[in-house]
Amino acid sequence: MDMHNGINPFTCVYCNKSFTQKGALVRHVPIHTGEKPYQCDECGKRFIHHTSFNMHRLSHTGQKPYKCTICGLALISGSHLKRHTRIHTGEKSTVVKRAEDVLLRGTTCPLTRNFTIIPSRFFP
Ligand SMILES: [Zn+2]
Ligand SMILES: [Zn+2]
Ligand SMILES: [Zn+2]
């Protein structure tokens, strides 16, 4: 296969959009077919992808199965957790220290409350 001709091997029969990966095409096609195989038995809302469906289900149960191992904050998805974990692992060590101070005072994670990251030079 000539990879330099710019043609992706998986092409949507509806709009001719092409994809490099089959999975991407499979996820794309329901846009045209209107197929939403996942239905919430709680509110009847339908979903194309099981990931968004799962996320939606959690909004009913209030469950947050992902827990930050560093501060214990519970989050609804792995990607939320990943984003959150960055506040602990980032190079901005001063900010992390301040974030911990906030957490010690019993509030929830600073990221979820639009915490403004203050440049470290403002701290002694
Ligand atoms: Zn298409
Ligand atoms: Zn629902
Ligand atoms: Zn955390």
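**Notes on a predicted single-chain model**

1. Let me start with helix α3, residues 50-61: its 12 residues reach 16 Å from the first C-alpha to the last, close to the 16 Å expected at 1.5 Å a residue. The expected span here is 1.5 Å times one less than the number of residues in the helix. Just after α3, G62 takes a positive phi of about 70°.

2. A word on conventions: residues are numbered from 1 along each chain as its sequence is written, while chains are lettered from A and ligands numbered from 1 in the order in which they are written. This is a predicted model, in which local features need pLDDT of at least 70, side-chain atom pairs count only at pLDDT 80 or more, and totals for chains, interfaces and linings use all residues.

3. On the overall layout, the protein chain has 5 helices and 6 strands. Read from the N terminus, the order is β-β-α-α-β-β-α-β-β-α-α.

4. A residue is buried if 20 or more other C-beta atoms lie within 10 Å of its own, exposed if 12 or fewer, and partly exposed in between, with C-beta atoms placed from the backbone. As for contacts (C-beta atoms, placed from the backbone, within 7 Å), take those between residues at least 6 apart in sequence: 17% of them join residues at least 24 apart.

5. Please keep confidence in mind as you read. pLDDT is the predictor's confidence in each residue, from 0 to 100. Its mean over the protein chain is 74, and 67% of the residues reach 70 or more. Strand β1 (residues 10-11) is highest at 94, and helix α5 (residues 93-104) is lowest at a mean of 48. Over residues 93-97 pLDDT stays under 50, and the model has 7 contacts for them beyond four places in sequence. Residues 112-119 are also below 50, with 4 contacts in the model beyond near neighbours in sequence.

6. The UniProt record (an unreviewed entry) lists "domain: C2H2-type" for residues 10-37, 38-65 and 66-93. Positions from UniProt follow the numbering used here, feature names are shortened, and annotations may be inferred rather than shown by experiment. Residues 10-37 are 39% helix and 14% strand, with end C-alpha atoms 22 Å apart. For residues 38-65 the figures are 43% helix and 14% strand, and the ends lie 21 Å apart.

7. Two loop residues deserve a look. N16 sits in the loop between β1 and β2 (18-19), and has a positive phi of about 70° although it is not a glycine. N16 counts as exposed because it has 7 C-beta neighbours inside 10 Å. T20 lies in the loop between β2 and α1 (22-28); with 11 such neighbours inside 10 Å, T20 also counts as exposed. The C-alpha atoms of T20 and F10 are separated by 6.2 Å, though the two residues are 10 apart along the chain.

8. Finally, helix α4, residues 78-89, holds H88. One of the 12 residues of α4 is buried, so the helix lies largely in the open. Its end C-alpha atoms are 16 Å apart, which agrees with the 16 Å that 12 residues should span at 1.5 Å a residue. H88 has 14 C-beta neighbours inside 10 Å and therefore counts as partly exposed. H88 and I70 are 18 residues apart in sequence, and 7.5 Å apart in space from C-alpha to C-alpha.

Definitions and conventions
Helix = DSSP H or I, 4+ residues; strand = E, 2+ residues; numbered from the N terminus. Contact = placed C-beta atoms within 7 Å.
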